[in-house]
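Welcome! Have a look at the sequence and the 3D view below, and then we can walk through the fold and one residue together.

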Amino acid sequence: MLSGTFDQFKGQVLAEGFNEVLERSWPADAVLDFHTHPFAVKARVVRGEMWLTIGEETQHLRAGDDFALDRDVPHAERYGNAGATYWVARRS
């Protein structure tokens with residue numbers, strides 16, 4: 001179950017040292033092949049569902065679920081048939 005607001009999430013992650021917070025939305029059935037980011041990520045799915053693959057492990061994430069990635073970790077993303085939205089904090 002999703003709890004909290006974007007502003008609460010933002011306040012929490014800024015206090016943890018993240019320096020950018022935004023909302024990202026992805027269209028239905030979008031697929032991002034393996035890639036990396038030059039920043040660490042902490043995120044909360046707020047709408048829809050997604051699958052996050054790191055190495056051989058895939059997580060099925062739904063609204064209310066959190067996930068995190070360290071900088072430069074190869075991962076792939078796949079979004080459900082209704083797309084997905086998540087709040088994401090980035091730390092350079």
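## A term to start with

A residue counts as buried when its relative accessible area is under 20%, and as exposed when that area is over 50%. Please keep in mind that this is a predicted model.

## The overall fold

The chain contains one helix and six strands, and along the sequence they come in the order α-β-β-β-β-β-β. With a radius of gyration of 13 Å, close to the 12 Å that the globule rule gives for 92 residues, the chain is therefore as compact as a globular protein of that length. Along the principal axes, its C-alpha atoms fill a box of roughly 30 × 30 × 20 Å.

Of the contacts with a separation of 6 or more, 71% join residues 24 or more positions apart.

Buried residues account for 37% of the 92 residues. The chain has an accessible surface of about 5,300 Å², and carbon and sulfur atoms contribute 48% of this.

## A closer look at Thr 85

Is Thr 85 buried or exposed? Its relative accessible area is 6%, and the cut-off for buried is under 20%, so Thr 85 is buried. This residue sits in strand 6, which spans residues 75–91.

Which side chain makes a polar contact with the side chain of Thr 85? That partner is Ser 25, at 2.8 Å. Leaving aside residues up to four places away in sequence, Thr 85 touches Glu 23, Arg 24, Ser 25, Arg 44, Val 45, Val 46 and Arg 47.

Definitions and conventions:
Residues are numbered from 1 along each chain as its sequence is written. This is a predicted model: local features need pLDDT of at least 70, side-chain atom pairs count only at pLDDT 80 or more; totals for chains, interfaces and linings use all residues. Side-chain values use heavy atoms; hydrogens and water are left out. Helices (H or I, at least four residues) and strands (E, at least two) are DSSP runs, numbered from the N terminus. The radius of gyration is taken over C-alpha atoms; the globule rule is 2.2 Å times the number of residues to the power 0.38. Buried means under 20% relative accessible area, exposed over 50%, partly exposed in between (1.4 Å probe, protein chains only). Contact means heavy atoms within 4.5 Å. Accessible areas come from the Shrake-Rupley method with a 1.4 Å probe; for residues, only the protein chains shown count as cover. A polar contact is a pair of N or O atoms within 3.5 Å; within protein, one must be able to donate a hydrogen and the other to accept it, and residues adjacent in sequence count only if both atoms are side-chain atoms.
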